[in-house]
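Keep the model open beside you as you go.

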Amino acid sequence: MISIQGVSHAIGGKRILNDVTTQIAQGGITALIGPNGAGKSTLLSLIARLEPLQTGRILVDALEIGACSDQVLAQHLSILPQMADHTPRLTVKELVGFGRYPYNRGRPTAQDDAKVAQALDMFGLNLFAGRTLDTLSGGQKQRAHIAMIFAQDTDYVLLDEPLNNLDIAAGRSLMKTLQSMCADHRKTIVIVLHDINVASRYADHIIAMRDGSVIKQGRPAEIVDSSLLQDVFETDAPVVKVEGTNLVLM
Amino acid sequence: MTLKIYIWAGLFGLALLSFLSLFIGVIELSLADLWHDPAAFELLVISRFPRTAAALICGSSLAIAGAIMQMLVRNRFVDPMTTGTGPGAGLGILIVTIFFPAAPLIVKMVLASLTALGASLGFLAIVQRLPPTQPLLVPLVGLVYGGIIGAGVTFVAYQADLIQYISVWMNGEFSGVIQGRYELLWIAAAVALVTYFAADQFAIVGLGRTASINLGLNYTQVMLIGLVAISIVAALTVTTVGMIPFVGLVVPNIVSRLVGDHLRNTLPLIALLGALLTLASDIVGRVLRHPFEIPVGTVFGVIGTLLFLWLLSQKPRHE
């Protein structure tokens, strides 16, 4: 369980997070949604220790962010880096191998090799294993990065808007992979999503934020409705139920 | 597999060139002379061996420094010698020369390392404010930044009537290297060697800040270690033989295109190719206008650029 206790955050004098207290339960996909500037990405980067905590506490199981050693945290919690323009000429296999760095500090054991092989297999990257990242398409590159995170084998996986720059096929395949990571490998996934419909379809739990505060949270079937859109996004789009999923009509 | 072939070919070439380097120069020297002529042996020990060693050390450590800097800055087109670190080292030497002319060499060295580090930190601070979507801005800003520091150094040197003195280390060449005047370079060699133990850390930093923190790395610490290593190498090279541009730019790029960026595997080849090309440039510079010499930096600029252009025109590798 990730426990967020009284977390406030300001950047350059501007309040981004306002005394946020909430919990993210173990297992399943938790989606953070909200309008631009709601503080979703900031909250995620605080959990991932990308930014130092200003006020409040964040605990990942028993590990306290800011007090726990980086190496130990890296074995429990991972965050998918955003795709950058600059890609080193690493092969897919070399990149996925770095996922084992928190365990082996650069000296891979047979067990590490097995984990890397498993990750390549699971993400269908065997054919690409010897290709360098700069020769891959955006979707393939992202799959390679997620395979690295998978090889890192942490209980918690954080992702910040991973669907950006992905076409619909790559986006769907990513969301399905995340679902199976939760179902088959008992991961807990926290994901910032831009599209509320994606959250409604794939997430097990939604945390809706606005102006640095959590407005509502719960199961998508229960909370995705026109009042949520009104309260969080200040728009009155209709919500319909299709095959058991609440969908917002743009 | 290909990596091993390159390394063996490189070692073979290096052995050949080193042998040539020992026997090429203004004074005739042959292998047979060494057996009966003590003067020939003296020439080898005092001049030819130090010169060869200096070229090998400078070439390999500058190439490694370039590879590390390209990882830290996440840009393939930076070269520590031109983007601030080299001119920064020059600034340190100038300060010592003007204010503490009697200071021992080691003091000069330490201060040059510190100013080189300061200049590198300044460059990094600027780079982090540049838009990541414009990768070519980084080397351009680096050139301007290095140029400004260099111009400052030249101006102060001009005022202090030290222009001749600074031109010695603004244009690197090995003709002044003799026994007793290059040994500090071995420290640069040691520093370059030690960086190998942090090869994985540098490669991960090349993936970006988020990826580094995700894998449990102390990002700031790795950046600082890298910059310190680069600065020491730059300062030692500049104080002993002078600035040699392009090695740190061209060599890592060639190796990256041939075998990739996994530094733990590629650093040995980067060191090897840096040594090879630098020594080759020095030998060519010694032979072309015999008995006069062309500075190694000039020759390297031509050879390195041609190699680089040829590589750029090749198709990217697919396996």
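The exercises below move from the whole of a chain to its parts.

This is a predicted model, in which local features need pLDDT of at least 70 and side-chain atom pairs count only at pLDDT 80 or more, while totals for chains, interfaces and linings use all residues. Residues are numbered from 1 along each chain as its sequence is written, with chains lettered from A and ligands numbered from 1 in written order.

**Exercise 1.** Describe the overall build of chain A.

*Solution.* Start with the elements: chain A has 10 helices and 12 strands (DSSP runs of H or I, at least four residues, and of E, at least two, numbered from the N terminus). Next, the radius of gyration is 18 Å, close to the 18 Å of the globule rule for 250 residues, so chain A is as compact as a globular protein of that length. That radius is taken over C-alpha atoms, and the rule is 2.2 Å times the number of residues to the power 0.38. Finally, the C-alpha atoms fill a box of roughly 50 × 40 × 30 Å along the principal axes.

**Exercise 2.** Work out the sheet containing S5(A).

*Solution.* First, the order is S2-S1-S4-S5 in an open, antiparallel sheet of 4 strands. S4 (residues 55–60) of chain A joins S5(A) over 2 bridges, and A:Val60 stands opposite A:Leu63.

Terms used
Two strands pair if DSSP finds at least two bridges between them.
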